[in-house]
Amino acid sequence: MPNIRILSIDDHPIFTNGLSVALQTKMREIEVQAIAEPLAALKKIQKESFDLLILDFCMPGLDGISFLRAMDARALVVPVILMTANNDLAIFEQALSLGVVGIISKNANIEEVVMAIDNVMRGEIYISSNLKERLNQVGKFSLDNTQTVLTERQLEILNMVKRGLTNEQIGNVLFISERTVKSHLQTIFKILNVKNRVSCVQKCSDMGLL
């Protein structure tokens, strides 16, 4: 049985089919499903469990940023790697602020895609080296600046954790399920490289996030 379930969201079937075959050749422990329509993808994510989304930025109906906002509005918590041919730094900043954990070029070779997946599944952030350099040069992003890659909702949950609220209480305050709160916390723990609430709050306090 596959260890990692990936959903590729892209309106170009030739690309998604090729990516699926290439990934399953390189990484035999994964299952890759593909879907072309973003609204249908949202419904699928609500019904099924996926470990990772590979999201094309440019799609009809919903672009990548709108898709990420729609996920947040539905309290869907799944790590996302954004694939794009766009070079607009403002878009990348928005994507990172909405919780994207990886950004790679649509022209990336399969080795880089595999590297991005490996990094993200270890709880790390993956940004293509050329893009990371550009973002650092303009002072917009640093892998050491964790606040950049935590969403407003995640910071909101962290503040409630600091105040001692349980997952159930946080869910009641935010009108989301306890399961969704747990998913948010798991993502936060991965980003901060911590294992529990106590170390999470301590690290956030040390970094000035709380």
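Me: Which feature does UniProt place at Asp-56?
Reply: UniProt positions are given in the numbering used here, feature names are shortened, and annotations may be inferred rather than shown by experiment. The unreviewed UniProt entry places "modified residue: 4-aspartylphosphate" at Asp-56. This is a predicted model, in which local features need pLDDT of at least 70, side-chain atom pairs count only at pLDDT 80 or more, and totals for chains, interfaces and linings use all residues. Residues are numbered from 1 along each chain as its sequence is written, and side-chain values use heavy atoms, with hydrogens and water left out.

Me: Where is Asp-56 found?
Reply: Helices (H or I, at least four residues) and strands (E, at least two) are DSSP runs, numbered from the N terminus. Asp-56 belongs to strand E3, residues 52-56.

Me: Is Asp-56 buried or exposed?
Reply: Buried means under 20% relative accessible area, exposed over 50%, and partly exposed in between (1.4 Å probe, protein chains only). With a relative accessible area of 5%, Asp-56 is buried.

Me: Which residues does Asp-56 touch, not counting residues up to four places away in sequence?
Reply: Contact means heavy atoms within 4.5 Å. On that count, Asp-56 touches Ile-9, Asp-10, Asp-11, His-12, Gly-64, Leu-82, Met-83 and Lys-106.

Me: Which side chain meets that of Asp-56 in a salt bridge?
Reply: A salt bridge is a side-chain nitrogen of Lys or Arg within 4 Å of a carboxyl oxygen of Asp or Glu. Here the partner is Lys-106, at 3.5 Å, N to O. The two are 50 residues apart, with Lys-106 in the loop between strand E5 (102-105) and H5, and Asp-56 in strand E3. Lys-106 is buried, with a relative accessible area of 18%.

Me: How many salt bridges does the structure hold?
Reply: The structure holds 6. One of them joins the side chains of Arg-5 and Glu-48 (3.4 Å, N to O). Arg-5 lies in strand E1 (residues 4-9) and Glu-48 in the loop between helix H2 (38-47) and E3, so this pair ties together parts 43 residues apart in sequence. Arg-5 is partly exposed at 22% relative accessibility, and Glu-48 is partly exposed at 30%.

Me: What does Ile-117 touch, and where is its place?
Reply: Ile-117 is in helix H5, residues 110-121. Its relative accessible area is 0%, so Ile-117 counts as buried. Leaving out residues up to four places away in sequence, Ile-117 touches Ile-6, Leu-23, Met-27, Leu-52, Ile-54 and Ile-81.
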